[in-house]
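This briefing goes through selected local features of one structure, grouped by topic. The sequence and the model are shown first.

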Amino acid sequence: MSTRPRILLTGANGQVGWELRRTLSCLGEVVALDSRAMNLADPDVVRQKLREIAPAIIVNSAAHTAVDKAETEQERAYAVNAVAPGVLAEEAARLDALLVHYSTDYVFNGSGNAPWREDDACDPLNVYGASKLAGERAIAASGCRHLIFRTSWVYGARGSNFLLTMRRLMRERPELKIVADQVGAPTWCRDLAEATALALSQVSACGFDQWGVYHMTNGGETSWHGFAEAIQALDEFDETCAPSHLLPIPSSDYPTPARRPLNSRLNNDKLEQTFGLRLQDWQAALALCMSEK
Ligand SMILES: NC(=O)c1ccc[n+]([C@@H]2O[C@H](COP(=O)([O-])OP(=O)(O)OC[C@H]3O[C@@H](n4cnc5c(N)ncnc54)[C@H](OP(=O)(O)O)[C@@H]3O)[C@@H](O)[C@H]2O)c1
């Protein structure tokens, strides 16, 4: 009889969730659910599914990630980002399961220039960040064994993200105005999924008890404008298409419904000290991601 643990994965069609399907598969039997299979906005459905599947590990990569929309969809953002993680955590505690969850640099207000540490004071500027922080707190309050990985500026070869939007717009418009005063680390969803599986394999291999929040991003830093320049430098344009001129602008020239932090740098030392894991620099990750056809 197999003793492989059952791993329930939410958000299985999301950027990170899609990659987790593969990386978690070496650790156990993955039950991958999308929003149709389990709507996180319905706590009764979540409880029922959890009791039916009885996982040993829950990996919650689902979230309401539309940052601007969340300003006008507060109820939905809180249901998915705050209430649902709390319900998952309560069920994890009941099953003695381990909960892995993802959070965001947007729990911080973006002041200063220093990379944020895990125990720095949170002060979100927008509804998305506030709802994600409420999710973190609900998990901590449940008493379940948990790992919360805060990450930033996630992209990959599929889904909806800055990389794919830029590659399209660079072929459509002669000039693009890109925010240059928000600084953070673009993070490849594949690296997050690999590091999550590596951390999990360590947790199950020894008497691990350092539950809590960890920052997990690719190394280095840049602005959205710097990210766009790197994408353009790596992209291939045919001779009929002149790539756009990339104009750096301040956030104040690009008003959005949700305010965003200027300093999104996250300090990843705790992840390295605890798990011996450090993700590659963002430029190397971007080059690898873009080298896949
Ligand atoms: N994207 C970023 O830049 C970023 C930055 C920092 C932190 N994070 C965090 O990283 C994690 C992964 O993000 P991601 O970029 O992979 O997100 P994503 O690509 O937007 O995927 C999120 C997934 O959540 C699912 N979802 C949304 N509402 C749901 C509901 N009511 N019930 C069940 N599932 C629902 C969606 O499922 P369906 O497709 O089935 O609707 C979607 O596949 C999230 O916790 C996010 O907050 C992301």
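His215 is found in strand β10 of this predicted model. With a relative accessible area of 0%, His215 is buried, and a polar atom of the His215 side chain lies 3.4 Å from the backbone oxygen of Asn267.

**Around His215**

- Neighbours within four places in sequence aside, His215 touches Phe108, Trp116, Arg117, Glu118, Arg150, Leu266, Asn267, Asn268 and Leu271.

**Aromatic pairs and charges over rings**

- The count of aromatic pairs comes to 13.
- In one of these pairs, Phe149 and Tyr214, the ring centres are 6.3 Å apart and the planes stand at 55°, so the pair is tilted.
- Phe149 belongs to strand β5 (residues 145-151) and Tyr214 to strand β10 (residues 212-215), so this pair ties together parts that are 65 residues apart in sequence.
- Phe149 counts as buried at 1% relative accessibility, and Tyr214 is buried with a relative accessible area of 1%; each value is under 20%, which is why the term applies.
- Phe149 and Tyr214 also belong to a cluster, linked by ring pairs, that includes Tyr102, Phe208, Trp211 and Phe275.
- Lys270 lies over the face of Tyr214, at 4.3 Å from the ring centre.
- The ring of Trp18 has the charged end of Arg158 over it, 3.8 Å from the ring centre.

**Nonpolar cores**

- The largest nonpolar core holds 57 residues, and Val59, Phe149, Met166, Ile231, Phe275 and Leu286 are those with the most contacts inside it.
- Helix α6 (residues 189-205) supplies the largest share of this core, seven residues.
- A second, separate core has 22 residues, among them Leu33, Leu40, Leu50 and Ala84.
- In soluble globular proteins, nonpolar side chains tend to be buried together.
- Neighbours within four places in sequence aside, Phe149 is in contact with Val100, His101, Tyr102, Ser103, Thr196, Ala199, Tyr214, Met216 and Leu271.

**Ligand surroundings**

- There are 24 residues around the ligand, and Ser35, Leu40, Thr65, Tyr128 and Lys132 come nearest.
- A polar side-chain atom of Thr65 is 2.6 Å from an oxygen atom of the ligand.
- For Tyr128, a polar side-chain atom lies 2.7 Å from a ligand oxygen atom.
- Val154 takes part through its backbone, where a polar atom is 2.9 Å from an oxygen atom of the ligand.
- Leu40, one of the residues that come nearest to the ligand, is also included in the second core.

**Ser223**

- Ser223 has its place in strand β11 (residues 222-223) and counts as buried at 12% relative accessibility.
- The Ser223 side chain reaches the backbone nitrogen of Gly226 at 2.9 Å.
- Not counting residues up to four places away in sequence, Ser223 touches Trp153, Val179, Ala180, Gln182 and Val183.

**Ala82**

- Ala82 is found in helix α3 and, at 9% relative accessibility, counts as buried.
- Residues up to four places away in sequence aside, Ala82 touches Ala77, Ser131, Ala134, Gly135 and Ala138.
- The C-alpha atoms of Ala82 and Val16 are separated by 19 Å, the two residues being 66 residues apart along the chain.

**Positive phi in residues other than glycine**

- Ala54 has a phi near 45°, a positive value in a residue other than glycine.
- The loop between α2 (43-53) and β3 (57-60) holds Ala54, which counts as partly exposed at 40% relative accessibility.
- Asp96 has a phi near 55°, again positive in a residue other than glycine.
- Asp96 lies in the loop between α3 (74-95) and β4 (98-104) and is exposed, with a relative accessible area of 55%.

Key. Residues numbered from 1 in each chain as written. Predicted model: local features only at pLDDT ≥ 70, side-chain atom pairs only at ≥ 80, totals over all residues. Heavy atoms only, no water. Phe/Tyr/Trp six-rings, centres within 6.5 Å; stacked < 30°, edge-to-face > 60°. Helix = DSSP H or I, 4+ residues; strand = E, 2+ residues; numbered from the N terminus. Buried < 20%, exposed > 50% of the residue type's maximum accessible area, 1.4 Å probe, protein only. Lys NZ or Arg CZ within 6 Å of the ring centre and 35° of its normal. Polar contact = N/O pair within 3.5 Å; in protein donor to acceptor, adjacent residues only side chain to side chain. Contact = heavy atoms within 4.5 Å. Core = buried A, V, L, I, M, F, W, Y, C linked by side-chain atoms within 4.5 Å. Near = heavy atom within 4 Å.
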